[in-house]
Amino acid sequence: EIGNIMYSMLVVALPILFSFLTNTLAASVSGGPNPRGAPIPPFQEYPNAIPQELASLLIEDAKLHASVARKRTDLKFGKLPTTWYPLSGSDAPKARFASEVAIHLLKSIDFPGDLAEQHQIIGAEWWYQVRSNDETIGFHFDKDEAVASLEMRLSHPVMSTVTYLSDIGGPTVVFKQVSVDGNVNDPLVPNEGALFFPEMSKHINFHGNFMHGVVGSLGNKARPPNCAPLANDLLTQFISKTGKAVSSLSNVATLKPQEPAEIQSISSPSKEVGISQSDFVSISLPPDERLHFWWPKSIKSGSFRVNWKGDAILGGAQTLDLFDGNSVNMVFGTKEPKIFLFYDKDHQDIFELEQEVIFTTVHVRVVVKGFSDQ
């Protein structure tokens, strides 16, 4: 199975510890870029950020990480393991294998000059996603998974990044949308975002509190099918795999910082000039919301900053479960007007129904389930 790797990403989140964190531990949402630091652009792209020699070693690390991750069944809610790598303080080790070399390199790219100090970066949480070309990664907010599972609140990193190790797979879609309290998002329906298609060694970053995911149906090629440092036994495996190359890559982490590439802007047409239902991509957002956004499916590569006009992005459709307190709060916790749609879930496709209904409405759409059996 490991040999049939179609799509590899090194995903690195750079967390922050604010000096005022102790005063905000009770908050349901915290993190994101430091408002006191220099502004960070919402989306950035760096083509060819990883030298070929290092990229080849990262693929070896990805295979090892994937094989280890599959064996972990003890994490809450079925989550996969991530690894903590300190970047400051006395416990910050020098790079010992390829993934750690890459983290130092990417930190210098993402936080040039004194930007890391301004945003008080203390370390990196890293993991790999090894996926097939048409596989979807559900939309989500990056967060401290241990805090989310144990304390039920969101603690976001300063910045989230994705580094592609192949040209295969669906695009990473990032919405300029944040969570207000863990349940309600702002804006309710985003009209700005970015799509990044995979390209070998492409590196992207975006604010660590933005909603994002991977849309497998837009895949560009058809092919067959609590965060802690590495434990000593796993560290030994990684060092054995790619540690010998660290000395030859010692200059990689000190390369001259790269300038971000210009991301092409694209705007949707408006409904008035004609957008058919087939022009929409339908996705699910957590915890149980659906979103339909315009995208020209003929585009299969590149990076794009997107502006959706009017009804070119349709969302706010929730499933209401009257026996679920969170579901009830999400629906009735806002003052916006609502439309309730009753449907037979055994005979009707909810995505198709929503598109038909939302095409004629612009307010919050709410789907009530469970009544078809009564």
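**Entry 1: a term, and F342**

I began with a definition: a residue counts as exposed when its relative accessible area is over 50%, and as buried when that area is under 20%. I also noted that the model I consulted is predicted.

I then looked up F342, which sits in strand β20, residues 338-342. Is F342 buried or exposed? Its relative accessibility is 54%, so F342 counts as exposed. I next asked which residues make a nonpolar surface patch together with F342. The patch is made by L322, F323, F332, F340 and F342, and I recorded its area as about 620 Å².

**Entry 2: helix α6**

I turned to helix α6, which covers residues 325-332. Which of its residues are buried? I found S327, M330 and V331 to be buried. Viewed down the axis of α6, these buried residues fall within an arc of 95°, so they line one face of the helix.

I located Q177 in the loop between β9 (172-175) and β10 (178-179). The relative accessible area of Q177 is 0%, and because the cut-off for buried is under 20%, Q177 is buried.

Which backbone oxygens does the side chain of Q177 reach? I noted the backbone oxygen of P187 at 2.8 Å and that of L188 at 3.2 Å.

I then examined P187, which lies in the loop between β11 (185-186) and β12 (192-196). The peptide bond that joins D186 and P187 is cis, with omega at about -5°.

N48 is found in the loop between β3 (43-46) and α1 (52-69). With a relative accessible area of 60%, N48 is exposed.

The other residue is S201, where phi is near 75°, again a positive value in a residue other than glycine. I placed S201 in the loop between β12 and β13 (203-207). Is S201 buried or exposed? The relative accessible area of S201 is 6%, so I recorded S201 as buried.

Technical notes
Residues are numbered from 1 along each chain as its sequence is written. This is a predicted model: local features need pLDDT of at least 70, side-chain atom pairs count only at pLDDT 80 or more; totals for chains, interfaces and linings use all residues. Side-chain values use heavy atoms; hydrogens and water are left out. Buried means under 20% relative accessible area, exposed over 50%, partly exposed in between (1.4 Å probe, protein chains only). Helices (H or I, at least four residues) and strands (E, at least two) are DSSP runs, numbered from the N terminus. The arc is that of the directions from the helix axis to the C-beta atoms. Patches are made of residues with over 30% relative accessible area and no salt bridge: like charges are joined within 9 Å, nonpolar side chains (Val, Leu, Ile, Met, Phe, Trp, Tyr) within 5 Å. Accessible areas come from the Shrake-Rupley method with a 1.4 Å probe; for residues, only the protein chains shown count as cover. A salt bridge is a side-chain nitrogen of Lys or Arg within 4 Å of a carboxyl oxygen of Asp or Glu. A polar contact is a pair of N or O atoms within 3.5 Å; within protein, one must be able to donate a hydrogen and the other to accept it, and residues adjacent in sequence count only if both atoms are side-chain atoms.
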